[in-house]
Amino acid sequence: MAAAEAPEDSGSYVLHHLTNLKLDLRTMTVDPQAHGFWVLNLDSVIFSLVLGSLFLFVLLKAARSATSGKPSGLVNFVEITLEFWENQVKEVFPQANPLVVPLALTIFVWVLLMNLMDVVPVDLLPFLAGQAGVDHLRIVPSTDVNITFGLSLSVFLLIIGYNLVFKGPIGFLKEVLSHPFGPWLAPVNLVLRIVEEIARPVSLALRLFGNLFAGELIFVLIALLLAQARTGIGGIGLAGLGFVAHLAWAFFHLLVIPLQAFVFAVLTVVYLSTAAHSHSEDH
Amino acid sequence: MDINATLILQMIAFAVFVWVTMKLALPPISKAMKDREVRIADGLAAAEKGSKALQDASTKSDEALKAARVQAQEIVGAANKQATQIVEQARQDAESEKTRIVASGHAEVQREIAQAKDALRRQVSELAVAGASKILHREIDAKTHADVLNELAAQV
């Protein structure tokens with residue numbers, strides 16, 4: 001176990017688990033200490049892409065064998081998921097265009113898969129990677145703000161796009177300047193609107209990141225407890241406590257994982273729906 | 001925790017994934033689902049039509065059966081009537097035959113009575129002649145007294 005390297009130094013163990021495998025794009029070297037914008041979190045990117053590709057692979061496989069006859073197991077599963085999101089979107093955003101359902105489906109499944117990496121034992125893959133000579137590895141992409149912001153900023157761009165498409169540039173501008181306090185308080189309206197629009201992607205990204213990061217951190221701490229149990233005096237008691245704590249947290253986390261994926265996808269649909277829906281029609 | 005180029009790559013990957021999902025993966029699945037919906041709807045409609053046709057057919061067969069029953073009753077009625085007619089006719093024929101036979105019997109009897117009367121009359125006249133001739137002891141010329149004899153016979 002990675003903790004075995006420095007069982008006495010819990011701080012560095014935790015820190016080690018929270019450090020990405022970084023690729024400095026300026027020097028093209030792997031450097032965990034790299035800073036600045038032109039750095040790639042290789043582990044996040046690779047796991048994110050692999051999981052996303054897995055999603056696409058399953059989806060395309062289902063698409064190839066989709067028939068109007070009796071659906072087989074995999075196709076059935078995909079169809080249930082798809083139908084679930086079609087119904088969600090129909091409920092929240094009735095005038096949705098064809099982009100919304102695939103968007104929600106992609107977000108939900110992808111985020112779910114990324115979150116599910118959290119139940120893989122925290123030391124398993126980093127340990128294997130360590131044997132292969134890779135010293136840092138974070139396997140849960142959704143505990144990386146870059147990944148969650150990557151999703152939420154894309155959603156943010158789509159919100160702006162939907163505003164422009166559904167209301168027209170003039171209509172959008174008019175709405176930004178005249179709501180909620182009327183045209184005489186245009187600057188206040190503008191500031192409020194900017195805050196509102198920025199709050200959305202930030203809250204989307206930080207909610208997911210915060211939940212998953214906290215979850216991972218707790219798993220790391222529980223693992224630390226177990227690692228120290230060997231050297232402690234009441235080792236068995238500590239190990240038992242760690243085992244119970246790990247089990248309890250894993251159960252709880254199994255609720256958090258799909259919930260966060262669902263919340264991210266549903267909020268995306270809701271935001272797009274409000275973007276398409278003119279505020280002036282409310283009154 | 002710093003923001004870096006991972007963000008850009010993630011956005012690009014996201015766009016690609018959504019695009020592939022929208023353009024390549026979902027259309028065949030959605031189409032299959034819609035086709036299936038249509039097929040199920042068609043199947044249900046066909047079943048509905050079949051059951052309706054069945055109902056129609058059973059109504060029609062009921063009607064045909066009823067008509068056949070009515071017709072059968074008519075035929076039986078007509079046959080009964082005809083039978084009574086035939087019996088009646090036969091009775092009438094027999095009645096008239098009887099009357100005729102009785103009448104002819106009567107006529108025969110009458111004729112025989114008349115014949116017998118004639119014969120009797122003739123015998124009476126002969127007896128009368130014979131009696132008279134015995135009484136008179138002399139032969140009466142039957143020829144000359146034919147007028148008298150005939151008159152006598154007519155009187156008997």
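Two strands pair if DSSP finds at least two bridges between them.

**Ground rules**

I'm looking at a predicted model, where local features need pLDDT of at least 70, side-chain atom pairs count only at pLDDT 80 or more, and totals for chains, interfaces and linings use all residues. Residues are numbered from 1 along each chain as its sequence is written, while chains are lettered from A and ligands numbered from 1 in the order in which they are written.

**Chain A, overview**

I looked up the elements and got 8 helices and 3 strands in chain A. Helices (H or I, at least four residues) and strands (E, at least two) are DSSP runs, numbered from the N terminus. From the N terminus on, the order in chain A reads α-β-β-β-α-α-α-α-α-α-α. The C-alpha trace of chain A spans about 70 × 55 × 40 Å along its principal axes.

Next I checked burial: 37% of the 283 residues of chain A count as buried. My cut-offs are 20 or more other C-beta atoms within 10 Å for buried, 12 or fewer for exposed, and partly exposed in between, with C-beta atoms placed from the backbone.

I also looked at contacts, meaning residue pairs whose C-beta atoms, placed from the backbone, lie within 7 Å. Among contacts in chain A between residues at least 6 apart in sequence, 64% join residues at least 24 apart.

Chain A averages 87, and 94% of its residues score at least 70. Helix H1 (residues 10-17) of chain A has the lowest mean, 83, and H4(A) has the highest, at 95. Residues 1-7 of chain A stay under 50, and the model has 19 contacts beyond four places in sequence for them. Where pLDDT is low, the predicted coordinates should not be read in detail.

**The sheet**

I traced an open sheet of 3 strands in chain A, in the order S2-S1-S3, with antiparallel pairing. Strand S2 (29-30) and S3 of chain A are the edge strands, each pairing on one side only. Strand S1 (residues 22-24) of chain A is joined to S2(A) by 2 bridges. A:Asp24 sits opposite A:Thr29 in S2(A).

I then looked at the loops. A:Met28 is in the loop between S1 and S2 of chain A, and has a positive phi of about 55° although it is not a glycine. Most residues other than glycine have a negative phi, and most peptide bonds are trans. A:Met28 is exposed, because it has 8 other C-beta atoms within 10 Å.

A:Asp31 is in the loop between S2 and S3 of chain A. A:Asp31 counts as exposed too, with 12 other C-beta atoms within 10 Å. Leaving aside neighbours within four places in sequence, A:Asp31 is in contact with A:Lys22 and A:Asp24.

A straight helix of 34 residues would span 50 Å at 1.5 Å a residue, but H6(A) spans only 34 Å between its end C-alpha atoms. The expected span is 1.5 Å times one less than the number of residues. H6(A) has a kink of about 105° at A:Gly168, shortly before the proline A:Pro169. I take the bend at a residue as the angle between axes fitted to the seven residues ending there and the seven starting there.

In chain B, H1(B) has 131 residues that should span 195 Å, and its end C-alpha atoms are 187 Å apart, which agrees. H1(B) bends by about 50° at B:Leu26, with a proline, B:Pro27, following within four residues.

**Where A meets B**

I noted that 39 residues of chain A are in contact with 28 residues of chain B. On the chain A side, S3 (39-41), H2 (42-64), H3 (73-92), H4 (100-116) and H6 (145-178) each supply at least two residues. H2(A) gives the most, with 10 residues. By class, that side of chain A has 26 nonpolar, 11 polar and 2 charged residues. Ala, Val, Leu, Ile, Met, Phe, Trp, Tyr, Cys and Pro count as nonpolar, Asp, Glu, Lys and Arg as charged, and the others, Gly among them, as polar.

Of the 131 residues of H1(B), 12 are buried, so this helix lies largely in the open. Among the buried ones I listed B:Phe14, B:Phe17 and B:Leu26. The buried residues of H1(B) pack against S3, H2, H3, H4 and H6 of chain A.

Definitions and conventions
Contact = placed C-beta atoms within 7 Å. pLDDT = per-residue confidence, 0-100.
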